[in-house]
Amino acid sequence: MRERQPIRVGNVAADPRYLVATSDIRSEMAAPLVVGQRAIGVVDVQSSWLDAFSGDDLRLLTTLAGQLATIFEKARLDAALEAERASLARRVEERTAELRTANEQLRQAHEEVSRALGKEKELGELKTRFISMASHEFRTPLTTILSSAELLEHYSRQWTEDKKLEHFRRIQTATKNMMGLLDDVLVMGKVEAGKLRFIPAPIDLDKFCRDIVEELRLSAGAKHSLVLTVQGDATQAHMDETLLRHILSNLLSNAIKYSPPGSIIQFELACRDGQAVFQINDQGIGIPPEDQAHLFETFHRAANVRNIAGTGLGMAIVKRSVDLHGGTIDVASQIGVGTTVTVSLPMGTVSDE
Ligand SMILES: Nc1ncnc2c1ncn2[C@@H]1O[C@H](COP(=O)(O)OP(=O)(O)OP(=O)(O)O)[C@@H](O)[C@H]1O
Ligand SMILES: [Mg+2]
């Protein structure tokens with residue numbers, strides 16, 4: 001074995017390499033399993049006869065040992081290769097998982113950055129639109145106030161009481177317009193900051209609608225016929241009064257603003273199945289189809305408004321207020337024929353369950 005040579009011993013008892021002559025073994029031959037410079041084992045054949053093995057036997061054994069050694073070595077190499085392959089596959093799997101995590105983190109970071117950028121861009125656009133709206137919408141009433149005040153200063157002595165009153169009224173109306181505009185901007189600011197809250201409380205819708213209609217008749221709607229009809233029991237609802245006021249006063253003032261003096265504005269309230277359905281119909285200029293899709297966007301105004309004053313904030317406020325109530329809004333309009341806006345809000349009473 002040490003010399004990596006095959007051996008053949010004809011008589012074991014006569015060979016000095018055998019220390020103890022055991023039992024019935026008389027002759028023996030052995031061939032080492034050699035791989036490269038290394039013997040990895042021995043094939044050993046023993047016999048109870050003397051001189052049992054010939055030189056040919058030993059050569060046969062040696063050839064056999066050579067083939068066995070090749071097979072063993074191949075099996076060992078295969079096993080090592082397989083182990084290496086498995087460990088490589090494991091490492092690839094680990095790296096892939098790490099890469100996937102890193103990718104996911106990268107995607108999230110990218111999303112966050114683009115969200116922030118989008119918000120920033122949106123705010124920038126809002127600011128631009130606000131500045132262009134404000135510079136236009138504030139300038140008109142301010143010009144009116146300034147010119148009426150100057151005229152009053154110079155001519156009040158010559159003027160009749162009626163003439164003076166007319167200019168005082170102009171100043172008042174222009175001031176009210178500006179106040180309304182500021183109110184809208186403030187409400188929209190609250191909306192953008194997520195501070196417009198839904199705080200429902202018991203409310204008599206019948207009375208509430210009558211009061212709003214009365215207020216409008218006294219101010220803006222004096223030249224229109226505002227007709228209110230109420231169906232069903234509207235006295236016991238549970239809604240947010242402030243939001244409801246935003247909804248109805250904006251819709252009604254639009255109906256007035258965008259329809260000719262003397263025309264009829266129908267305001268219907270129908271309460272049934274736990275829903276309050278408010279419908280406001282005018283015979284005004286209508287909304288072009290391409291603008292209808294953008295009606296609830298801040299500062300958006302339709303192409304056909306011409307010189308009718310407005311900020312384009314009213315409908316955006318209406319939409320947010322309807323959403324906060326968990327309601328729906330629907331607009332049907334035809335150019336030159338009129339507009340019907342339908343708002344459905346859950347009444348929020350016990351009976352609607
Ligand atoms: N009843 C209506 N008839 C015709 N057009 C309408 C009507 N209601 C809304 N619109 C169109 O929708 C646009 C948006 O309405 P919104 O109430 O938001 O703004 P606005 O009336 O222009 O300004 P404000 O903020 O003063 O209400 C209007 O500019 C107008 O073009
Ligand atoms: Mg409006």
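Which of the 22 residues around ligand 1 come nearest? They are Arg301, Ala302, Gly310, Gly314 and Met315, where a residue is near if its C-beta atom, placed from the backbone, lies within 6 Å of the molecule. The model is predicted: local features need pLDDT of at least 70, side-chain atom pairs count only at pLDDT 80 or more, and totals for chains, interfaces and linings use all residues. Residues are numbered from 1 along each chain as its sequence is written, while chains are lettered from A and ligands numbered from 1 in the order in which they are written.

The shell around ligand 1 comprises ten nonpolar, nine polar and three charged residues (nonpolar: Ala, Val, Leu, Ile, Met, Phe, Trp, Tyr, Cys and Pro; charged: Asp, Glu, Lys and Arg; polar: the others, Gly among them). At least two shell residues come from each of helix 4 (241-257) and helix 6 (314-325); helices are DSSP runs of H or I with at least four residues, and strands are E runs of at least two, numbered from the N terminus.

## Packing of helix 4 and helix 6

The axes of helix 4 and helix 6 come within 9 Å and cross at roughly 140°; axes are lines fitted to C-alpha atoms, for helices over the stretch in contact, with angles from 0 to 180 degrees between N-to-C directions. Among the residues making this contact are His246 and Asn250 of helix 4 and Gly314 and Met315 of helix 6 (contact: C-beta atoms, placed from the backbone, within 7 Å). The contact residues divide into eight nonpolar, six polar and no charged.

## The chain as a whole

The chain has six helices and ten strands. Its C-alpha trace spans about 160 × 55 × 35 Å along the principal axes.

Notes: Contact = placed C-beta atoms within 7 Å.
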